[in-house]
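Here is a short report on charged pairs, a nonpolar patch and a nonpolar core. Please keep the sequence and the 3D view open while reading.

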Amino acid sequence: PISKVLVGYGGTQLKATFVLNGNQRVVFKPMRYSRDTVITGNPYSGYDRHNAEIAAFYLDGLGFRRAPPVAGRIVDLTSEILPISEKKLSDTFFTDEKTKNVCFYGVCYYCKKSD
């Protein structure tokens, strides 16, 4: 279980740090696109894609051994994440007026509510 959620520092993309029971820390990258979405343009078009991390882990199994273990996981922002988030992160949570989804924009170089 997740015991604490912190701002994920470093880099330019949205992330959070989950502290699991036993004090293990893991990086959480939220899903911004469905897995079958195709982003056109240059390699840096669009937002970071969580499924790229998963694919890299499996490709690394070909013998490179340079990618950390990765797993996809569904979490509920309202019941699992928000109640145990540090204030600096929880202050970025909001409900999208159009979709009624609970969202967060975190703290990163390009993170802003309008995205």
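Is Lys87 exposed or buried? Lys87 counts as exposed because its relative accessibility is 59%. Exposed means over 50% relative accessible area, buried under 20%, and partly exposed in between (1.4 Å probe, protein chains only).

This is a predicted model, in which local features need pLDDT of at least 70 and side-chain atom pairs count only at pLDDT 80 or more, while totals for chains, interfaces and linings use all residues. Residues are numbered from 1 along each chain as its sequence is written, and side-chain values use heavy atoms, with hydrogens and water left out.

## Salt bridges

The structure holds three salt bridges. A salt bridge is a side-chain nitrogen of Lys or Arg within 4 Å of a carboxyl oxygen of Asp or Glu.

| Pair | Closest N to O |
|---|---|
| Glu53 and Lys29 | 2.7 Å |
| Lys87 and Asp91 | 3.0 Å |

Glu53 pairs with Lys29. This pair links distant parts of the chain, 24 residues apart: Glu53 lies in helix H1, Lys29 in the loop between strand S3 (25-28) and H1. Helices (H or I, at least four residues) and strands (E, at least two) are DSSP runs, numbered from the N terminus. Glu53 is partly exposed, at 32% relative accessible area. Lys29 is also partly exposed, at 24%.

In the other pairs, Glu80 is partly exposed at 31%. Asp91, the partner of Lys87, counts as partly exposed at 48%.

## Surface patch

Which residues make the nonpolar surface patch of about 380 Å²? They are Leu59, Leu62 and Phe64. Patches are made of residues with over 30% relative accessible area and no salt bridge; like charges are joined within 9 Å, and nonpolar side chains (Val, Leu, Ile, Met, Phe, Trp, Tyr) within 5 Å. Accessible areas come from the Shrake-Rupley method with a 1.4 Å probe; for residues, only the protein chains shown count as cover.

Phe64 sits in the loop between helix H1 (50-60) and helix H2 (77-81). Phe64 is exposed because its relative accessible area is 58%.

## Nonpolar core

The largest nonpolar core has 16 residues. Such a core is a set of buried Ala, Val, Leu, Ile, Met, Phe, Trp, Tyr and Cys residues joined through side-chain atoms within 4.5 Å. Ile2, Val5, Phe18, Ile81, Leu89 and Phe104 have the most contacts inside it. Strand S1 (2-7), strand S2 (16-20) and H2 each supply at least two of its residues.

Leaving aside residues up to four places away in sequence, Phe18 touches residues including Ile2, Val5, Val26, Phe28 and Ile81. Contact means heavy atoms within 4.5 Å.
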